[in-house]
Amino acid sequence: MSRFRFAAGVGLLALLASSTAVLADPALSVYGGWQTAPHSGVDVTGGPHFTAGWDGKSFNMPPYWGVRGTWWLDEWGYSDFGIALDYSHSKVYARESTLNKTGWTHFEFTDGLNLATANLLYRFSGERDWTPYLGVGLGANVPHVEVTRASGKTSEYQLGGVTGQTLVGLDYKFTENVSAFTEWKFNYSRINVDIDSGDKLKTNIITNAINFGISYNF
């Protein structure tokens, strides 16, 4: 596990622990699932300009996964609303057809697009064990940029740009503290990064994920 991903997870845990006395009903969630990405246009300084086909390969190492800390605003009188900090290790691999088209030998964001967002959640609570919820969020992406071409090689973490997020899910409570959930999560990430020879690479990547996870409610 990279130091970036480890630090993100530890930071979220520390924030959750420090906030339990301030906001009621905190929860920590971990999840995985199936994540895909449609084609996106890619612009490189001086060319080429092309459309990249992407594969998610969610279960290949390193796998797709995420962690989320949620605080429901019971203490403030808004029990159906919550705020959440969400981190996901999303990833995309350029397809062989894209590499053949560009002449590049490697083009990936596979040690993570590393999406971190702050979210506003709403849950449809009631006298039942299952609870539908939805949310919207905004944050940043920190991709591990991996490009190998004739002019050079890039392999490093960079701040890519802004990321927007929406999600819709269903949570089922097994006990007072433990619940499971499934959700659809959509992210739109604007990426503007440096590659070799002083060039810039820009693309807007959409990721769609079907997540399955477990939550512990403190």
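A residue is called buried when its relative accessible area is under 20%, exposed when it is over 50%, and partly exposed in between. The model on display is predicted. The subject of this tour is its salt bridges, of which the structure holds seven.

Select lysine 200 and aspartate 194 first. These two residues form a salt bridge, with 2.9 Å between the closest N and O atoms. Lysine 200 has a relative accessible area of 35%, which lies between the two cut-offs, so it counts as partly exposed. Aspartate 194, at 36%, is partly exposed as well.

Next, select arginine 149 and aspartate 199. Their side chains meet in a salt bridge with an N to O distance of 2.7 Å. Arginine 149 belongs to strand S11 (residues 144–149), while aspartate 199 is in the loop between strand S14 (178–194) and strand S15 (200–217), so the pair ties together parts that are 50 residues apart in sequence.

Finally, select aspartate 55 and arginine 95, whose salt bridge has its closest N and O atoms 3.0 Å apart. This pair links distant parts of the chain, 40 residues apart: aspartate 55 is in strand S4 (residues 54–55), and arginine 95 is in the loop between strand S7 (92–94) and helix H2 (96–102). Aspartate 55 is partly exposed at 28%, and arginine 95 is partly exposed at 30%.

Key:
Residues are numbered from 1 along each chain as its sequence is written. This is a predicted model: local features need pLDDT of at least 70, side-chain atom pairs count only at pLDDT 80 or more; totals for chains, interfaces and linings use all residues. Side-chain values use heavy atoms; hydrogens and water are left out. A salt bridge is a side-chain nitrogen of Lys or Arg within 4 Å of a carboxyl oxygen of Asp or Glu. Helices (H or I, at least four residues) and strands (E, at least two) are DSSP runs, numbered from the N terminus. Buried means under 20% relative accessible area, exposed over 50%, partly exposed in between (1.4 Å probe, protein chains only).
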